[in-house]
Amino acid sequence: MDRAEQRARLITARDAGRVGCRSCGLVAPLGQRRCTRCGAALQSRDTQSLQKVWAWWMAGLITYIPANIYPMLRSTELFRTTESTIVGGVVDLIHYGDYAVAAIVFVASIVIPIGKFGAIAWLALILGRPHAQDTHRLHRVYEVVEFIGRWSMIDVFVVAILSALVQFETFATINPGIAAISFAVSVIFTMLSAQSFDSRLIWDRLKEGTPA
Amino acid sequence: MMTDADLPTPEPTESRREISWVWLMPVLAVLVALGMVWQTYANRGPVIVVTFPSASGIEAEQTPLRYRELDVGTVEEVTFSEGLSAIEVHIRLDQKIAPYVDAGSEFWLVEPQVSARGITGLGTVLSGVYIEGSWDGTPGEAADRFEALTEQPLFSPDQAGTRIVLSSRTGGQLSAGAPVLFNGISVGWIGRPVLSENGLTVTRDAFIEAPYDARLSTASRFWDSSGLSFDIGTNGVSFNMESLAALVEGGVTFGTLVTGGQAIEPGHVFDVFSSLRTARADALEGSGTRLSVAALVDASVAGLSAGTVVRYGRANVGEVTAVTGFRDADAPSGDMQLLVDLEIIPERLGFAAGLTTDEQLATLADRIAAGLRLRLASEGIIGQTTILEFIQAEDAGAETLVIDRTPFPLVPTAPARVGDATEGMEGLVDRVSNLPIEELMTSAIGALESVQQLAGSPDALQLPANANGLISDARGLVGSDEIRIALADFQAATTDLRAMTDEIRNSPGLANLLTALESSQQITDGLAAFSEGLPGVLDSVAVITDEIREVPLAELVGSLDQVTQQLQGFLGSESIDDLPEAIRGTLEELQNALTELRTGGAVENLNKALAAAQGSMEAIEIATELVPEVVSRLDSTARTLETAVSGYAPGSRIQVDITNALRNISEAAAAFRSLSRTLERDPSSLITGR
């Protein structure tokens, strides 16, 4: 299927004078304020979407900095307290030979968040002005970002579970560091950022007459 | 089907340029982050640098600084100092504690330590070392560079108690951290031993905790209570052990053995004695300051070692602290000599108390100029011990105190008085025989002789004989039990005295003295018994005299007269003429005799007898007076030495000599007694020597 052909065949709801309910999917005529089925507010396009995306994105990025600087875990083993940051933890794990775990932590805590920041920023930049990208690809990227967002919490879950389980007083204690909270907040912010993204915008700014 | 035309015209998208509230979130995040950064920096305390000789386990960002076991800072960085001579540890202090870390602060590394008293710093085995800080509770002059202590200080500045210094001859068993005990309670601890500059004594700081430090005074004595003490004495075997820690690590006990101590200043120096016994001896004799001197003796001398006694006369005045070889570079022969270091107590040499060391040395130099010398001597009754003694040499040369040739002033020596066992024995016997036994015996003999003379005087002997014929019942009185007992006692006393005299004459020596002394006792007893009997004798004699007086002499004379007159009448009668001339002569002789008798012969004889009795009475009275005198003379002779002692000023050398002589005699006597007992029991000991 040719891209121009594809574009020619695509008619957005907005083009069709309709507005889709984002909650239940019911299509209503453009201009209707509320969904007749579920009562959700109907809006053809979220005009503040990109603003929100950028705002959450920046908040997420800011909180991601302390999440990497400050210690993620405070583990106390027999009077000896070690504090490890995310990167430090990965390095330690590599030193111990746990490459698999190191890889998981590295992917979950560094690759995914940074990839997400990049992806969201890329999408938001592209959609900020008319573009000639493959809308299907853009959409797929968006879907992936939104799907994967929650998995970034895997780190926070690990810390939370360890902190809850490993509490043997003097022998071994693990407490979450300040970075755990920062990281969790950062993940929440990036998820909100991804959610603020109005994916319908992907279809709006296609440059008319862009060569295929 | 709707067509495009049916669709409502899309409303133009209103491009509202209003700002979303979501922007608050990044602003908030920035604010929070800035707030955190600000707080971190605002709460950061200053960095101090502590210099350690080695890093030994200190890790950056890891090793904490602790004060009273609480983290008050963390090591930020560990670097080398300039020239790589030390490790500089940069410590970030907590802001709240920073003002207190002033110039007087001390830092040291806490590492695990295993000692007899227990294991300390066990936590650091797993957690790693930490740096402990110590400072007082008042902010002072700020400082940021410190030198770490090599070990934990003895006490922290805010700990209540008193720091003292313990000085002893050797490091001994006392290791750092050993307890200081008082009445068995641990009241403090001692620090690491430090060798003094001259290398002869070991000093340690010790800390006595409050309130026990109130027990410290200048009269306190410290002694080593380490390990086991094992005493065999007259009370049997005593076995003593302080705490187990004291056994392994050593311990010092202190006590106040004499009263009258004054309060001490912190840092007061106490000597540590080797045992309670020596400490008590010191406390009782009074130690005074010690003066270190030295002497050079021939290298061939055996038996000199640290601890050898130094005597002056019979008094201990100090002891040898060290014996080292000494080769004088200037001496031509280059022979090795022994350099003997001594510690003496100048007061016991008769020096005035309270002199400074210089003054003591000056006094010593004066005494040496006056002939004071040090010499080797041997002493002991059977076993020989080498000692050093100060003597007043008669023919002393011109040697002087040599100050700067050896570490301590050098006292000139006199030829040694080292003899073998026989000489020692002879010396003892000499000393015994030099005692004024002769005088004692002479006076005793004199007294006894006068008693003998009295008892054996013809008057006394004739008294009963004279009186016998005249008064028969006087015999009964004379032979009464009292007199017999008295006389028997007297006889026994005389015999004892004689035996004693003989024994003393026949066998000079100590055994004689003993016997003599015992006999003297018996004499005294006998004399005492005699004196008790005397009143009885006197009474009896008085009765005799009375009875003699009551004899009807007048009647006797009268009867004699009558006889005479009758005889005269008879002789003068006519019939007498018839008698032959012979008879007449005889009668005339009889008459003469009677006349003689009448004119006083018999009476005079009687008078004489009575006078003799009177004389013997007086003699006995004199004797009675003599008896106490004899006793007192015996007493006084026995106490000659004592009187001699009291005759001299206290503390004088002669008194010390005599006291020692007396002590030696009694010791010698005891030794002899036990020796003889031993020999009695086990004659083979003579051969085996045990």
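Guide: Let us begin with a criterion: a residue counts as buried when its relative accessible area is under 20%, as exposed when over 50%, and as partly exposed in between. The model to which this is applied is predicted.

Visitor: Why is Thr173(A) called buried?

Guide: Thr173(A) has a relative accessibility of 11%, which is under 20%, and therefore counts as buried. This residue lies in strand β5 (residues 172–176) of chain A. Leaving aside neighbours within four places in sequence, Thr173(A) is in contact with Arg74(A), Ser75(A), Thr76(A), Val166(A), Gln167(A) and Phe168(A).

Visitor: Why is Trp203(A) called partly exposed?

Guide: The relative accessible area of Trp203(A) is 24%; because this value falls between 20% and 50%, the residue is partly exposed. Trp203(A) is found in the segment that follows α7 (178–196) of chain A. Apart from neighbours within four places in sequence, its contacts are Leu10(A), Thr12(A), Thr135(A), His136(A) and His139(A). The C-alpha atom of Trp203(A) is 9.8 Å from that of His131(A), a residue 72 places away along the chain.

Visitor: What makes α2(A) roughly antiparallel to α4(A)?

Guide: The two axes come within 10 Å and cross at roughly 155 degrees. Angles over 145 degrees count as roughly antiparallel, and so α2(A) is roughly antiparallel to α4(A). Their crossing is left-handed. Residues of α2(A) including Leu50(A), Val53(A), Trp57(A) and Tyr64(A) meet residues of α4(A), among them Ile110(A), Phe117(A), Ile120(A) and Leu127(A).

Visitor: Which residues have the most contacts inside the largest nonpolar core?

Guide: They are Met72(A), Ile120(A), Leu127(A), Leu138(A), Phe183(A) and Phe197(A), in a core of 34 residues. At least two core residues come from each of α2, α4 (99–127), α5 (135–149), α6 (154–165) and α7 of chain A. The most is given by α4(A), with nine residues. Beyond its neighbours within four places in sequence, Phe197(A) is in contact with residues including Leu50(A), Val53(A), Leu123(A), Leu127(A) and Tyr142(A). A second, separate core has 25 residues and includes Leu291(B), Val317(B), Ile368(B) and Leu376(B).

Visitor: How is chain A arranged along the sequence?

Guide: Chain A has seven helices and five strands, in the pattern α-β-β-α-β-β-α-α-α-α-β-α. Of its 212 residues, 42% are buried. Among contacts between residues at least 6 apart in sequence, 65% join residues at least 24 apart.

Visitor: Where in chain A is confidence lowest, and where is it highest?

Guide: The lowest mean pLDDT, 58, belongs to helix α1 (residues 3–9) of chain A, and the highest, 89, to helix α2 (residues 49–69). Over chain A the mean is 81, with 90% of residues at 70 or more. Where pLDDT is low, the predicted coordinates should not be read in detail.

Note on methods. Residues are numbered from 1 along each chain as its sequence is written. Chains are lettered from A and ligands numbered from 1 in the order in which they are written. This is a predicted model: local features need pLDDT of at least 70, side-chain atom pairs count only at pLDDT 80 or more; totals for chains, interfaces and linings use all residues. Side-chain values use heavy atoms; hydrogens and water are left out. pLDDT is the predictor's confidence in each residue, from 0 to 100. Helices (H or I, at least four residues) and strands (E, at least two) are DSSP runs, numbered from the N terminus. Buried means under 20% relative accessible area, exposed over 50%, partly exposed in between (1.4 Å probe, protein chains only). Contact means heavy atoms within 4.5 Å. A nonpolar core is a set of buried Ala, Val, Leu, Ile, Met, Phe, Trp, Tyr and Cys residues joined through side-chain atoms within 4.5 Å. Axes are lines fitted to C-alpha atoms, for helices over the stretch in contact, and angles run from 0 to 180 degrees between N-to-C directions. Angles under 35 degrees count as roughly parallel, over 145 as roughly antiparallel, 65 to 115 as roughly perpendicular and the rest as oblique. A crossing is left-handed if the near helix is turned anticlockwise from the far one by less than a right angle, and right-handed if clockwise.
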